[in-house]
Amino acid sequence: MFKKRREAALQAMRAKGGGTMLVPAGEEKIRSHDSEFIFRQDNDFYYLTGLDEPQGCVILRADAATGEPTFILFVRPRDPEREIWTGRRAGVEGAKHTFGADEAHPIEEMDAKLGGYLNHPSRLWFRLGHEAAWDERVLRVLADLRAKVRLGMTAPAEVVDSGGVLHELRMIKNDEDLARLRRLREDRLVLV
């Protein structure tokens with residue numbers, strides 16, 4: 001199901017001029033000193049990946065040449081000690097084997113590698129204004145790419161809201177989507 005969604009998103013991106021899409025995962029929110037609110041994944045990230053872990057991001061490359069990766073995930077690495085408290089993590093290997101990523105990297109490498117993935121596409125599909133920390137990260141990467149133009153690096157010429165593709169696709173629900181929504185509704189009714 002998630003592979004079909006990614007293929008539909010890539011096809012829609014190509015129909016609208018191509019480029020690279022960057023969708024951040026949801027972040028854990030601190031409730032008090034040592035506890036967090038119940039984690040809720042970003043809808044767009046989950047729609048594309050099915051991964052329900054905080055941090056990281058997904059990159060879809062509609063302009064990738066044959067043989068180059070089109071689906072890249074940055075995820076938290078496996079950590080057996082932390083997983084005792086926070087639950088199992090997919091890690092880099094799980095991102096590839098379980099979630100089908102062409103390439104996967106630990107989040108610690110994200111800042112160093114983002115520039116390479118954002119180098120040369122005509123457009124960047126990204127939701128500016130959704131998360132301030134991600135806005136700063138993306139703007140920093142784009143400024144760095146522009147500063148390296150003499151080294152052959154090229155920043156995307158435009159930034160387009162990824163919601164223009166994803167939100168249109170997410171409006172159409174299949175049977176699995178409807179079943180998941182019903183389960184969520186039932187869970188909420190039980191909590192009340």
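The radius of gyration is taken over C-alpha atoms, and the globule rule is 2.2 Å times the number of residues to the power 0.38. Keep that handy for the opening legend; what you see here is a predicted model.

**Figure 1. The whole chain, before we zoom in.** For 192 residues, a compact globule would have a radius of gyration near 16 Å, and the protein chain has 17 Å, so the two agree. Boxed along its principal axes, the set of C-alpha atoms takes up roughly 60 × 40 × 30 Å. The protein chain is built with eight helices and eight strands. Take the contacts between residues at least 6 apart in sequence: 65% of them join residues at least 24 apart. Buried residues account for 42% of the 192. As for charge, count 31 positive and 32 negative side chains; the centres of the two sets lie 3 Å apart.

**Figure 2. The largest nonpolar core.** In soluble globular proteins, nonpolar side chains tend to be buried together. Here the largest such core has 25 residues, and Met21, Leu48 and Leu73 have the most contacts inside it. The elements giving it two or more residues are helices H1 (2–15), H2 (43–49) and H7 (163–170), along with strands E1 (20–24), E4 (57–61) and E5 (71–75). H1 supplies the largest share, four residues. There is also a second, separate core of 18 residues, and Ile72, Ile107, Leu114 and Ala155 are among them.

**Figure 3. Zooming in on methionine 21.** Which residues does methionine 21 contact, once you skip its neighbours within four places in sequence? They are Met13, Leu48, Val58, Ile59, Leu60, Trp125, Ser162, Val165 and Leu166. Remember that Met21 is one of the residues with the most contacts inside the largest core.

Figure 4. Find arginine 61 in strand E4. Is arginine 61 buried or exposed? Its relative accessibility is 15%, and the cut-off for buried is under 20%, so arginine 61 counts as buried. Beyond its neighbours within four places in sequence, arginine 61 is in contact with Leu10, Arg14, Gly19, Thr20, Glu68, Pro69, Thr70, Ile72 and Tyr117. Look for phenylalanine 71 too: it sits ten residues from arginine 61 in sequence, with 6.8 Å between their C-alpha atoms. Now move to arginine 123, in strand E7 (residues 123–125). With a relative accessible area of 13%, arginine 123 is buried. Leaving out neighbours within four places in sequence, the contacts of arginine 123 are Lys16, Gly17, Gly18, Gly19, Thr20, Pro156, Glu158 and Val160.

Figure 5. Proline 24 belongs to strand E1. Its relative accessibility is 16%, so proline 24 counts as buried. Not counting residues up to four places away in sequence, proline 24 touches Asp42, Phe45, Gly56, Cys57, Phe126 and Trp134. How far apart are the C-alpha atoms of proline 24 and glutamate 131? They are separated by 8.9 Å, although the two residues are 107 residues apart along the chain.

**Figure 6. Two loop residues with a positive phi.** Most residues other than glycine have a negative phi. Glutamine 55 is not a glycine, yet has a positive phi of about 70 degrees. You'll find glutamine 55 in the loop between H2 and E4, and at 28% relative accessible area it is partly exposed. Histidine 120 has a positive phi as well, near 90 degrees. Histidine 120 is in the loop between H5 and E7. Its relative accessibility of 48% makes histidine 120 partly exposed.

**Figure 7. A pair of glycines.** Where does glycine 116 lie? Look in helix H5 (residues 110–118). Glycine 116 has a relative accessible area of 52%, and exposed means over 50%, so this residue is exposed. From glycine 116 to valine 141 is 25 residues in sequence and 9.5 Å in space, C-alpha to C-alpha. Glycine 87 is in the loop between helix H3 (80–86) and helix H4 (91–97). Glycine 87 is partly exposed, with a relative accessible area of 28%. Glutamate 53 is 34 residues away from glycine 87 in sequence, and their C-alpha atoms are 9.6 Å apart.

Methods. Residues are numbered from 1 along each chain as its sequence is written. This is a predicted model: local features need pLDDT of at least 70, side-chain atom pairs count only at pLDDT 80 or more; totals for chains, interfaces and linings use all residues. Side-chain values use heavy atoms; hydrogens and water are left out. A nonpolar core is a set of buried Ala, Val, Leu, Ile, Met, Phe, Trp, Tyr and Cys residues joined through side-chain atoms within 4.5 Å. Buried means under 20% relative accessible area, exposed over 50%, partly exposed in between (1.4 Å probe, protein chains only). Contact means heavy atoms within 4.5 Å. Lys and Arg count as positive and Asp and Glu as negative; His and the chain ends are not counted. The place of a charge is taken as NZ of Lys, CZ of Arg, CG of Asp or CD of Glu.
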